[in-house]
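Here is a short report for a first look. Keep the sequence and the model side by side as you read.

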Amino acid sequence: MSTPNILDKIIAEKRLEVAERKELYPVRLLEKSLYFGSTPVSMRKYIQRPDLSGIIAEFKRKSPSKGVINAHAPVERTTIGYMQAGASALSVLTDKPFFGGANEDLTLARRFNFCPIIRKDFTIDEYQILEAKSIGADAILLIAAVLTPLQSKAFADLAHSLGLEVLLEVHDEAELQQNLEVGADMIGVNNRNLKTFEVSIEVSRRLAPMIPSSVVKVSESGISSPETISILREVGYEGFLMGENFMKHSRPEKAALEFIEQLTARA
Ligand SMILES: O=C(O)c1ccccc1NCC(=O)[C@H](O)[C@H](O)COP(=O)(O)O
């Protein structure tokens, strides 16, 4: 038997968490949430807006690869600052054990921001999609490495029926090819190898030509310079998911502003 990798560990924990949450907050309660009936904002459209940067700025306190990144940045100031800096969308980690997040972080971000927000979590159950809607998300993440293509398709259909968009994350050619029929609004290529935590932008470059032009391309993880974004744009990426590069600063929103100003100056 092979040693469990970090995704196996996260998913094992997630199964317990989802079972617990279903007991605590059954679907009939989720459906009563203020946000359940609201119309989501299209992340896909915001990423393509020419007046914005394409950056999906992430709020994450810690991660399996880096440990604690920023335990003190407040959600409100950080996310408002990200949006004011010109981020196209926000990504909020809601997983607690591995990323230090919470559903309440997303709801707080929702209260103060009108731009699209993706709920960054490990979706393994339809319940979590209803939950994402109930906490104010506009989009969800589906990770090809932890779902079968059939599951991804069923989850994407459910998300769409609620008006949510789907970012489907892949790590290699096989995951991409197997999931082309899922109907994702955006495909995210994760530059981080989740077994070794090594990050290489080459993964995004390699997979770019295989992503259909009808799908918005997003490059995820390990992006830390405007030069890298220029390289990724040349091969067709429009969205750039960035977390640690901002969150490692005591004022992540200031780091985002500086970064986006440099990026704009290059264009
Ligand atoms: O970030 C990790 O260590 C990690 C480990 C295992 C599963 C997922 C992980 N990260 C989630 C993400 O997708 C990143 O937070 C996101 O792409 C931003 O990456 P970065 O800019 O490198 O913080």
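## Terms and model

A residue is buried if 20 or more other C-beta atoms lie within 10 Å of its own, exposed if 12 or fewer, and partly exposed in between; C-beta atoms are placed from the backbone. Helices (H or I, at least four residues) and strands (E, at least two) are DSSP runs, numbered from the N terminus.

This is a predicted model: local features need pLDDT of at least 70, side-chain atom pairs count only at pLDDT 80 or more, and totals for chains, interfaces and linings use all residues. Residues are numbered from 1 along each chain as its sequence is written.

## Strand E8

Strand E8 covers residues 186-190, and five of its five residues are buried. Met 186, Gly 188 and Asn 190 point one way from E8. Ile 187 and Val 189 point the other way. In a regular strand the side chains alternate between the two faces of the sheet.

## Partners of E8

Two strands pair if DSSP finds at least two bridges between them. Strand E7 (residues 165-170) pairs with E8 in the parallel sense over four bridges. Leu 168 stands opposite Ile 187 in E8.

E8 also pairs with strand E9 (residues 216-220), in the parallel sense over five bridges. There, Asn 190 has Glu 220 in E9 as its bridge partner.

## Helix H12

Glu 261 lies in helix H12 (residues 252-266). Is Glu 261 buried or partly exposed? Glu 261 counts as partly exposed because it has 13 C-beta neighbours inside 10 Å. Glu 261 and Arg 233 are 28 residues apart in sequence and 17 Å apart in space, C-alpha to C-alpha.
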